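This report looks at how two parts of one protein meet and at what surrounds the ligands. Please keep the sequence and the structure in view while reading.

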Amino acid sequence: MATKKTTASAKKKAAPAASFSLNTTDFKESILKHLHSTLGTDENKASNRAWAEATAAAANDFVYERLRQTQKAHFEADTRAVHYLSAEFLMGRLLSNNLHNLGVFDAAADALKDLGQDISVILDEEPDMALGNGGLGRLAACFIDSLATLNYPAIGYGIHYEHGLFRQEFRDNRQIERPDEWREYGSPFEICRPESVQQVPLFGYVETVFDETGNMKKKWHPGRVIKGIPWDVPIVGYGAETVNILRLWESRASDFFNWDVFNAGGYIDSQAENAEAEAVSKVLYPNDETEAGKQLRLIQQYFFCACSLKDIIRRYSRAHGNDWSKFSTQNVMQLNDTHPAVAIPELMRLLVDEHDLNWDDAWTICRESFAYTNHTLLPEALEKWDVSLFERVLPRHLEIIYEINRRFLEDEVEVKWPGNDEIKAKLSIIEEGDSRKVRMGHLSVVGSFKVNGVAQIHSELVKKDLFPEYDALFPGKFTNVTNGITPRRWLKACNPRLSALLTEKVGENWPRDLELLRDIAKYADDPAFQKEYMDIKLANKVDMAATILELTGVEVDPTAIFDIQIKRLHEYKRQQMNLLHILALYRRLLENPDYDMNPRVVIFGSKAAPGYKLAKDIIYALNCIAEKVNSDARIKGKLKVVFLPNYRVTIAEKLIPAADLSQQISLAGYEASGTGNMKLALNGALTVGTLDGANIEIAEEAGEENVCIFGMNVDEVQALQAQGYNPWDYYYSNPELKAVLDWLDTDYFTPGKPGELSSIKRSLLDGGDPYMALADFQSYSDAQKDADSRYSDKAGWARAMIINTATMGKFNSDRSMEDYVRDIWKLTKCPVK
Ligand code: CR6
Ligand code: PLP
């Protein structure tokens, strides 16, 4: 059966019905109008940036109108809303996404073309809005896209970092960090709302006072007050019925506080104070799964929670005055990890100290309003704050936490386990010891009505290993919501070729209902469809090869296997195991130039936390190995290694459509979910992965035969840990593994500087190999061999890729949102006229 070719006109037809009847001519006029009257320039001298801003302004005419209608509808309906509190939102670029969601991408492209501009060049002008580290921040961005798409009343609350995640450069193969300047010259995607500024108190002391009726009250005398200025980023749902907002808080010195200093003649002092206040929202902490433990980070967390809660209360009071009985039916606050956990004592403070509620009523409201998502089991990522630090920065909150804890231990733990001090110590929000600490995970569990993990296995481990007693104490509180990704950005916009083919086959509704893609499974064995699908993959790989050449100077063969590992650098994600496999392949090729393997390009994209020495050593090693391997004529180009600098959303959007293999190789039990794994599989890549996080569910959906699973499962990992793991056993019993590890001690990859890569070997042997890379190495290497031979079977490979695309419907973040709505948030949709 011959399938239709995807012609340019078919592609046009494939675009979804535009939500706005904006034709090319109108769009052209609008862009010109904004070029003249908003940008104050002229088409003869406009820079690419001016064209981009004029295009954004043209789109904003619609965005703002829908935003206004949405806010009106939400106000009139006075519906329950979710407030997604997250220290990170990894948004990426907004213009292309907004044009797609408005349904005017093609009109904009044609309009720009008529004006002599290439839309891809114009879109490339936009810096990424990188206000997040990795998966957690990108998840928040996908979730708010889905909430708007599904017409749920929702607000994202976060921090308006002046500098997002650092820009990564390589110097002499080592990572160096440069400041990110996403809004150096302003951004057309945000609106400042001075009318909703908030004041945030900090430091100081607490006084006990008595009111006129003799009731004891606590009065916090802050040592400083800073100001929170809201910036709203409109979040355009697909089809643009609803436009919600992401409200990001910027810190400044408080006017009235500063005024006194200024009047006292302290001009210089007042400037110093400004700088200190502005430091709060200056930079994103570049940590991923490690603890920061810094005063400024605690202040950041409190700052955005305090601003957000006051904002929520302001909105609530506008409709309900001083009647608090409906607060928790109108509002739910989702804590994205423990970073916003301080919102719990802050709401208690606001209700008890400022709005005069009694403790019990306030606590009921709190517990009915907060829900908490756990994103990790790694002990070093579970936040704890020194009591002394807490006391200095937030003295009243520490008192409130003590009171929450006292009542919890006496009224709940003691009742369930009378006299059991061991359990009390385990469940206490305060960790006793040399330096006492506030456990933010405990606080989040105690202060919320639901706690969820982010993939089935992770949610089980949260119950079984992390919080078993809490699970016994609060039956039904723990639940699972498997993560998801927005198919609008991660397929429709980033992979236009495949999107057009899919639309041709299943119609234009799949970006909303990703399950519709199941229908293409029936073409999985159709040679004509296979050819179309694989031609698209090849075209994407050709584009990627050009990008690789441009960014790294390395030439790669687009017909080679594109074997991709893109994610933050962390030992648990095991880039070091990938490195060992690269060395094994290289060694096999050197020993036998005819070694039977398909040409392979191993591609990395990854940032290491600046203070994470071993992660940075791994980047250095991979760059050194890449240099050597890529220039070694003996292996005839059969193996190439590419490390793309400055991995971010925009690079992910280019790489993912070009991937053949998706490396998801964390030690089982350590990757809570993963979301990159979903994006890669949706775009056809076969997962080489462990039975960890969402890989398990991906394998269930795609079928085990369409993924390459290897390594120990969680039970086996735990059994080996219990029995005592000794990496030297694997070193001595596996000659290839020993050879590649020993190679790291030589100067083969660092000429004249032996030992420069030794830290990696040391961590895997003397260091005990905490993430068991050596134990899983052989099985990993076998899975890679299996993937290689599957790649040789062209029809079988095409089939597997098609099935991967067809079966990822579950990982639509719209589904995640419906799960949250059903099991946790209990929202109703609010249609917008
Ligand atoms: N690092 C998990 O490790 C998960 C995301 C989003 C992470 C990752 O497996 O997909 O959250 N955890 O749920 C944290 O950030 C604490 C992550 O991105
Ligand atoms: N960083 C960026 C830029 C991403 O787009 C993603 C997810 O796609 C991640 C990090 C998270 O990747 P992973 O789930 O593999 O950790």
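A polar contact, as the term is used here, is a pair of N or O atoms within 3.5 Å. With that cut-off in mind, one can see that a backbone N or O atom of Thr675, which lies 2.7 Å from an oxygen atom of ligand 2, falls under the term. The model in which this pair is found is a predicted one.

**Two domains**

The protein is divided into domain 1, made of residues 78–93, 128–483 and 818–825, and domain 2, which covers residues 487–811. The centres of domain 1 and domain 2, taken over C-alpha atoms, are separated by 35 Å. To the contact between them, domain 1 brings 45 residues and domain 2 brings 50 residues.

The size of an interface is often given as the accessible area lost when the parts come together. For domain 1 and domain 2 the buried area is about 3,800 Å², and carbon and sulfur atoms give 52% of that area. On the side of domain 1, the residues that lose the most area to domain 2 are Gln168, Asn173 and Tyr238, which together make up 18% of what that side buries.

Which polar links are counted across the interface of domain 1 and domain 2? The rule finds 20 residue pairs in polar contact there, with both residues at pLDDT 80 or more, and the count of salt bridges between the two domains is four. Elsewhere in the list of pairs, Arg648 forms a salt bridge with Asp128, in which the closest N and O atoms are 4.0 Å apart.

Several elements of domain 1 give two or more residues to the side that touches domain 2, namely strand S2 (89–92), helix H7 (135–149), strand S5 (167–171), strand S6 (174–178) and helix H18 (456–466). Helix H7 gives the most to this side of domain 1, with seven residues. Sorted by class, the side of domain 1 that touches domain 2 has 15 nonpolar, 17 polar and 13 charged residues.

**Two ligands**

Ligand 1 is surrounded by 15 residues, of which Glu289, His375, Asn483, Glu671 and Gly674 are the closest. Around ligand 2 there are 14 residues, and those that come nearest are Lys567, Lys573, Thr675, Gly676 and Lys679.

| Ligand | Residue | Protein atom | Distance |
|---|---|---|---|
| ligand 1 | Gly135 | backbone N or O | 3.3 Å |
| ligand 1 | His375 | side-chain N or O | 2.6 Å |
| ligand 1 | Glu671 | side-chain N or O | 2.6 Å |
| ligand 2 | Lys573 | polar side-chain atom | 2.7 Å |
| ligand 2 | Thr675 | backbone N or O | 2.7 Å |
| ligand 2 | Lys679 | side-chain N or O | 2.6 Å |

**Two loop residues**

Where in the chain does Phe203 lie? Phe203 is found in the loop between strand S8 (198–202) and strand S9 (205–210), and it has a positive phi of about 55° although it is not a glycine. Asn646, a residue other than glycine, has a positive phi near 55°, and Asn646 sits in the loop between strand S22 (639–644) and helix H25 (649–655).

Conventions
Residues are numbered from 1 along each chain as its sequence is written. Chains are lettered from A and ligands numbered from 1 in the order in which they are written. This is a predicted model: local features need pLDDT of at least 70, side-chain atom pairs count only at pLDDT 80 or more; totals for chains, interfaces and linings use all residues. Side-chain values use heavy atoms; hydrogens and water are left out. Domain bounds come from an automatic or database domain assignment. Contact means heavy atoms within 4.5 Å. Buried area is the accessible area (1.4 Å probe) that two parts lose on being put together, summed over both. A salt bridge is a side-chain nitrogen of Lys or Arg within 4 Å of a carboxyl oxygen of Asp or Glu. A polar contact is a pair of N or O atoms within 3.5 Å; within protein, one must be able to donate a hydrogen and the other to accept it, and residues adjacent in sequence count only if both atoms are side-chain atoms. Helices (H or I, at least four residues) and strands (E, at least two) are DSSP runs, numbered from the N terminus. Ala, Val, Leu, Ile, Met, Phe, Trp, Tyr, Cys and Pro count as nonpolar, Asp, Glu, Lys and Arg as charged, and the others, Gly among them, as polar. A residue is near a molecule or strand if one of its heavy atoms lies within 4 Å of it.
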